[in-house]
Amino acid sequence: MQRNFGIKPFYCEICEKDFLHSSDLKFHMRTHNGEKSFSCDICGKVFSQNSNLRKHIKTHSGEKPYRCDICRKEFSRNSLLSRHIRTHTGERPFHCDICGKDFVDNSTLKRHIRIHTGEKPFCCQICGKEFARNSHLKEHIKTHTGEKPYHCEICGKDFSQSSYLKEHIRTHTGEKPYHCEICGKEFSRNSHLKEHRKTHSREKSFLCQICDKSFSQNSHLKEHIKSHTEDILESC
């Protein structure tokens, strides 16, 4: 649709984004209707815009025409170079209006905002589980396919997600990078640190459904439930 005012007269009725040319609006509409007309002849991946296809082809050719004048690192896209330069300058021009945190690029800011809004736009077509990031969805899908591409070079065990492999490797190295600020205790997993912090705050989130007793850690609740199981066996 065309507006009668402003320097960008064409606007999207779905998200109200403005465009200077009608052709730009037509390209944009593909992001809403899912149309992907441009296909990569090498790997078959499809794209909604030809410009995105051209960017993608560089990942196959290895072409990196954009170079950083500071460290000489090369990039396939100018946008990647611009983002990289900010690691030298410290510039973070994208600002979260909710918490005030700043970011080096707009895509990182958008992902961050979902922490505040709770938005999870990426949905698993198999089980319906939703995710805030597409990368998290891709990792999750491997739990359905059984794919385990991440391999431990120490013991040979395979994992579906790189984060699982990293946690596993700590069982070999003994690394405990998560540190309690209150008592100094160290943990190999962030989830273990979070549970431990409840022992300081006295928060008890885990409730026994049999006797209503509450616990600060799930592992303590599981141990407690065994006492009910033993009582039942003795009464029999």
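Trainee: Of the contacts in the protein with a separation of 6 or more, what share is accounted for by residues 24 or more positions apart?

Mentor: Please keep in mind that this is a predicted model. The protein has eight helices and 16 strands. Among its contacts with a separation of 6 or more, the share that joins residues 24 or more positions apart is 1%.

Trainee: Which feature does UniProt place at residues 94–121 and 150–177?

Mentor: In the model, residues 94–121 are 43% helix and 14% strand, with end C-alpha atoms 21 Å apart. Residues 150–177 are likewise 43% helix and 14% strand, and their end C-alpha atoms lie 21 Å apart. The UniProt entry, which is unreviewed, gives both spans the feature "domain: C2H2-type".

Trainee: How far apart are the end C-alpha atoms of helix 2?

Mentor: Helix 2 covers residues 50–61, twelve residues in number. At 1.5 Å a residue the helix should span 16 Å, and the model agrees with this because the end C-alpha atoms are separated by 17 Å.

Trainee: Which strands are included in what covers the buried residues of helix 2?

Mentor: The buried residues in helix 2 are Leu 53, His 56 and Lys 58. After the helix comes Gly 62, with a positive phi near 80°. The cover over the buried residues includes strand 3 (38–39), strand 4 (46–47) and strand 5 (66–67).

Trainee: Against which strands do the buried residues of helix 6 pack?

Mentor: Helix 6 (residues 162–173) reaches 17 Å between its first and last C-alpha, close to the 16 Å expected. Leu 165, His 168 and Arg 170 are buried in helix 6, and Gly 174, just after the helix, has a positive phi of about 80°. The buried residues pack against strand 11 (150–151), strand 12 (158–159) and strand 13 (178–179).

Trainee: Which residue joins its side chain to that of His 224 in a polar contact of 3.0 Å?

Mentor: His 224 belongs to helix 8 (residues 218–235) and counts as buried because its relative accessibility is 14%. Beyond its neighbours within four places in sequence, His 224 contacts Cys 208, Cys 211, Lys 213 and Phe 215. The polar contact of 3.0 Å links the side chain of His 224 to that of His 228.

Trainee: How many disulfides does the count come to?

Mentor: The rule requires two cysteine sulfur atoms within 2.5 Å, and the count it gives is zero disulfides. For Cys 123, the nearest cysteine sulfur belongs to Cys 124, 6.7 Å away. For Cys 124, which is buried at a relative accessible area of 3%, the nearest cysteine sulfur is that of Cys 127 at 3.7 Å. The number of disulfides is therefore zero, given the 2.5 Å limit.

Trainee: What is the phi of Arg 72?

Mentor: Most residues other than glycine have a negative phi. Arg 72 is in the loop between strand 5 and strand 6 (74–75), and at 47% relative accessibility it counts as partly exposed. Although Arg 72 is not a glycine, its phi is positive, about 70°.

Definitions and conventions. Residues are numbered from 1 along each chain as its sequence is written. Side-chain values use heavy atoms; hydrogens and water are left out. Helices (H or I, at least four residues) and strands (E, at least two) are DSSP runs, numbered from the N terminus. Buried means under 20% relative accessible area, exposed over 50%, partly exposed in between (1.4 Å probe, protein chains only). A polar contact is a pair of N or O atoms within 3.5 Å; within protein, one must be able to donate a hydrogen and the other to accept it, and residues adjacent in sequence count only if both atoms are side-chain atoms. Contact means heavy atoms within 4.5 Å. The expected span of a helix is 1.5 Å times one less than its number of residues. UniProt positions are given in the numbering used here, feature names are shortened, and annotations may be inferred rather than shown by experiment.
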